Amino acid sequence: MSDTEKQRHATLGGVVVATALPYRGDASAPAGLAVDYDRYAEHCRWLVANGCHGVGPNGSLGEYSSLTDEERRRVARTAIEAVGDSGTVVVGVHGVGSHQARQWAEAAAEDGADGVLCLPPTMYRANRGEILAHFEAVASVGLPVMVYNNPIDTKVDLTPDLLAEISRIDNVVAVKEFSGDVRRVLEIREQAPGLEVISGADDVVLESLLMGATGWFAGFPNVFPAESVRLYELAVAGKVEEARALYEPLIAAFRWDSRTEFVQAIKLGMEQVGRFGGPCRPPRGALTERMREQVKADMARAVDALGKRAG
């Protein structure tokens, strides 16, 4: 591994793509949909080949909660094998309890992951002590840990003062910040200065990077990988006017990353640029016709703007 690659693996920052998961029809599989591992491996390789710093299997966008345990581990292994030394793999290890999350972290370590992404306990509104115990258990495995603040889905808010405590746990190195409040970036940097702040929502990524976030754990780079990396590079270089010119025509599409139907919207976006998106497993259903038309319109604006830039 080159010095550049070693540096890349030393951080969980940069553009790490929360990968969408392809399925193929199979009547014997859950909900009649089997994971298409070959297509998934190709997608991971394509993202890294287009400049993304890494991939994140088994996140919400990867529908981890709709997978069997066997599928979930194989998805992580597929990403790790596909990317190899070319990028970082940050595996989602979310679980209802610390024993489950730790078990997934142990599997990720055995399989060669570079780090793990972990929500607070899912399906349970944990208190402060329980949250700390949860992350302590996951971090004890030894891999770098990116904690995930998603108060919308978990009903638990990892506030800057709580993150200051969490950041003192060995091996906790970063936070994926999905509250949507860009004021949090500087607050976290002030209260937990050793913690990398990673933008978790596509529709505030530029604002977050300009305020000092060091990475983007991203959804729409599944659709626009090279262009998203360019946006990231412009932002961290402080080239605000160029970054805004690229960002503004993309923002309507990016807003879908913060909506309930984000998985379906991103998969539809992938279809519109010639990639395979495909269906989702329950509980996610098909987009309404009105939503489909809006996603297609928002994507068309982005594709048109990017085409003009390329031309």
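Figure 1. A search of the whole structure, which is a predicted model, finds two cavities of 30 Å³ or more. On a 1 Å grid over the protein atoms alone, a cavity is a set of points where a 1.4 Å probe fits but cannot get out, and lining residues have an atom within 4 Å of a point; points are joined across faces, edges and corners, and a volume is the space filled by probe spheres set on them. The largest cavity has a volume of about 60 Å³, and its lining consists of Glu177, Ser179, Gly180, Asp181, Val182, Val185, Val197, Ser199, Val204 and Ser208. By class, this lining holds four nonpolar, four polar and two charged residues, where Ala, Val, Leu, Ile, Met, Phe, Trp, Tyr, Cys and Pro count as nonpolar, Asp, Glu, Lys and Arg as charged, and the others, Gly among them, as polar. The second largest cavity, of about 50 Å³, has among its lining residues Arg72, Arg73, Trp104 and Asp111, and H4 supplies the largest share of that lining, four residues.

Figure 2. Glu177 lies in strand E8 (residues 172–177); strands (E, at least two residues) and helices (H or I, at least four) are DSSP runs numbered from the N terminus. With a relative accessibility of 7%, Glu177 counts as buried, a term that means under 20% relative accessible area, whereas exposed means over 50% and partly exposed in between (1.4 Å probe, protein chains only). Leaving aside residues up to four places away in sequence, Glu177 touches Asn149, Arg184, Ile188, Val197, Ile198, Ser199, Gly200 and Ala201, contact being heavy atoms within 4.5 Å. Glu177, Val197 and Ser199 are also among the residues that line the largest cavity.

Figure 3. A pocket is an open set of grid points with protein on both sides within 12 Å along at least five of seven lines. The largest pocket has a volume of about 950 Å³; of the 41 residues that line it, Ser60, Tyr64, Ser65, Asp153 and Arg284 are the closest to its centre. Helices H3 (69–83), H4 (98–111), H6 (151–154) and H13 (262–272), together with strand E10 (215–218), each give two or more residues to this lining, which divides into 17 nonpolar, 15 polar and nine charged residues. The second largest pocket contains about 180 Å³ of space and is lined by 13 residues, with Gln264, Gly278, Pro279, Ala286 and Arg292 nearest its centre; H13 gives the most to its lining, with four residues.

**Figure 4. Helix H14 and its buried side.** The 22 residues of H14 (residues 289–310) should span 32 Å at 1.5 Å a residue, which agrees with the 31 Å between its end C-alpha atoms, the expected span being 1.5 Å times one less than the number of residues. Val295, Asp298, Met299, Ala302, Ala305 and Leu306 are the buried residues of H14. These cover an arc of only 120° around the axis and therefore lie on the same side of H14, the arc being that of the directions from the helix axis to the C-beta atoms. The face turned away from this buried side carries the exposed residues Glu289, Arg290 and Lys308, while the cover of the buried residues includes helices H10 (225–236), H11 (240–247), H12 (251–254) and H13.

**Notes to all views.** Residues are numbered from 1 along each chain as its sequence is written, and side-chain values use heavy atoms, with hydrogens and water left out. In this predicted model, local features need pLDDT of at least 70 and side-chain atom pairs count only at pLDDT 80 or more, whereas totals for chains, interfaces and linings use all residues.
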